[in-house]
Amino acid sequence: MTCSRRDFLKEAVGTTAAAVLPSAAFVLLSTDEARAAVANSKVRYAFLIDTNKCVGCGMCVRACKNENEVPYDAPVTRNWVERYIFTKDGKIHIDSPKGGRDGFTDNNMYGEEIDPDDIAKAFFVPKGCNHCDNPPCVQVCPVGATYQTNEGVVLVDRDWCMGCAYCIMACPFGARYFHPVHKVADKCTFCYHRLNKGLAPACVQSCAFGARRFANLRDPDDPVTKIITTQRVAVLKDLYGTKPHAFYLGLDHDVR
Amino acid sequence: MKWHILHPLWVGLGVVGLIILAGRFLVPDDFGVHGRNFTYGYHRLSSLQDWKDFPVKYQGRDSCIECHEENVRLNSASPHAAIQCENCHGPAVNHADSVQSPSVGIQSPSVGNQSSSVGIQPLSVDTSRELCLRCHAYLGYPNSNRGAMPSIVDRTHRRRRECSNCHNPHDPGEESE
């Protein structure tokens with residue numbers, strides 16, 4: 001094979017350019033910068049939900065919608081309450097009309113009236129974003145519009161989200177939805193604005209029964225952290241490996 | 001090598017170069033890894049501030065007690081003590097802001113039906129029967145906390161009348177004034 005000087009130079013320049021150009025897309029961090037970026041925070045927020053205490057009043061859903069300007073009558077919500085009724089004939093009835101926003105005031109489920117005498121067990125399960133340690137919704141975002149803060153809160157950047165809805169598909173808990181006004185993906189922010197002002201999240205504050213509580217897991221003196229670390233708690237959909245940080249007391253195995 | 005083999009390569013590289021160049025101009029400067037690790041922490045830093053600046057609507061009982069001490073004290077000693085004032089009275093938003101500066105009009109976000117005016121913004125208290133029924137409608141769930149609630153059968157108990165006609169919501173043990 002022969003190679004003229006001209007061809008050699010051409011190919012050498014071309015190959016160098018091909019190798020260097022993509023590397024311009026990367027950012028090089030110094031060791032200190034890299035360490036700071038992954039430093040452990042002193043705060044890691046988590047929810048504690050006691051299904052034994054919930055009475056299904058739905059005030060948490062109403063408070064969340066008002067606090068976070070979620071369209072009140074649109075069929076979207078950041079948190080919700082599910083009702084489970086196990087009848088004596090072995091059937092399981094599950095519903096959450098309007099996410100439980102207006103509470104549960106009768107035993108009518110999808111048009112079927114359930115006689116209280118037929119009920120073997122029944123309870124309410126408040127749900128919402130689990131603020132996972134390995135959030136699949138963040139992994140799939142193609143533009144870096146959703147992320148996890150140092151405190152473990154998963155947020156959406158409304159200015160940067162382009163509304164592709166990958167994250168809505170990726171969340172195994174159904175905690176995300178498409179915001180009909182802002183036209184972006186939306187989700188529970190753990191009331192980030194309230195936490196930063198020393199207030200409890202709206203759902204926690206509005207719960208009269210202590211069914212929804214929140215904790216800073218890095219603070220060993222936090223009373224709710226003590227419950228999570230010393231009592232038997234469960235999480236939803238453990239097998240997905242997302243490490244949910246909404247811990248449940250009294251969770252039934254039929255709750256999905 | 002032949003030109004027709006290399007040509008698509010140069011075009012491809014050119015496109016990549018253009019995208020990287022455009023990214024340099026279009027991506028905000030504060031984009032980067034600010035979170036707890038590289039997998040989940042890549043984001044625009046000022047987005048955190050955007051969320052911190054989100055307006056607070058529910059002010060909490062501690063804010064109510066500053067002016068409505070008597071009602072809060074009565075309520076705090078009653079079986080309804082655990083219920084936040086704003087659960088029935090609606091989110092205070094900036095209900096009390098105008099106490100300090102009466103000339104400032106209320107710029108309320110899209111909560112309730114508060115029109116802008118000067119002075120204390122009245123909150124619309126929810127006295128509906130449906131609000132009380134959220135907790136006190138009889139459902140018959142023996143092993144849930146709902147079963148432990150004092151409850152009524154909606155169909156037979158004083159149909160269609162507001163609960164506050166007879167019961168005092170601040171102190172449900174007492175009759176209404």
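Start by selecting B:Val93, which sits in the loop between α5 (85–89) and α6 (97–100) of chain B; helices here are DSSP runs of H or I with at least four residues, strands are E runs of at least two, and both are numbered from the N terminus. You're looking at a predicted model, where local features need pLDDT of at least 70, side-chain atom pairs count only at pLDDT 80 or more, and totals for chains, interfaces and linings use all residues. Residues are numbered from 1 along each chain as its sequence is written, with chains lettered from A and ligands numbered from 1 in the order in which they are written.

Check the backbone of B:Val93: phi is near 45 degrees, a positive value in a non-glycine residue. B:Val93 is buried, because 24 other C-beta atoms lie within 10 Å (buried means 20 or more within 10 Å, exposed 12 or fewer, partly exposed in between, with C-beta atoms placed from the backbone).

Next, jump to A:Lys183, in the loop between β9 (177–178) and β10 (185–186) of chain A. A:Lys183 also isn't a glycine, yet its phi is positive, about 60 degrees. Is A:Lys183 buried or exposed? With 12 C-beta neighbours inside 10 Å, A:Lys183 counts as exposed.

Now pick strand β11 (residues 212–216) of chain A: 4 of its 5 residues are buried, so the rest of the structure largely encloses it. Across from A:Tyr45 you'll find A:Asn216 in β11(A).

Conventions: Pairing = 2+ DSSP bridges.
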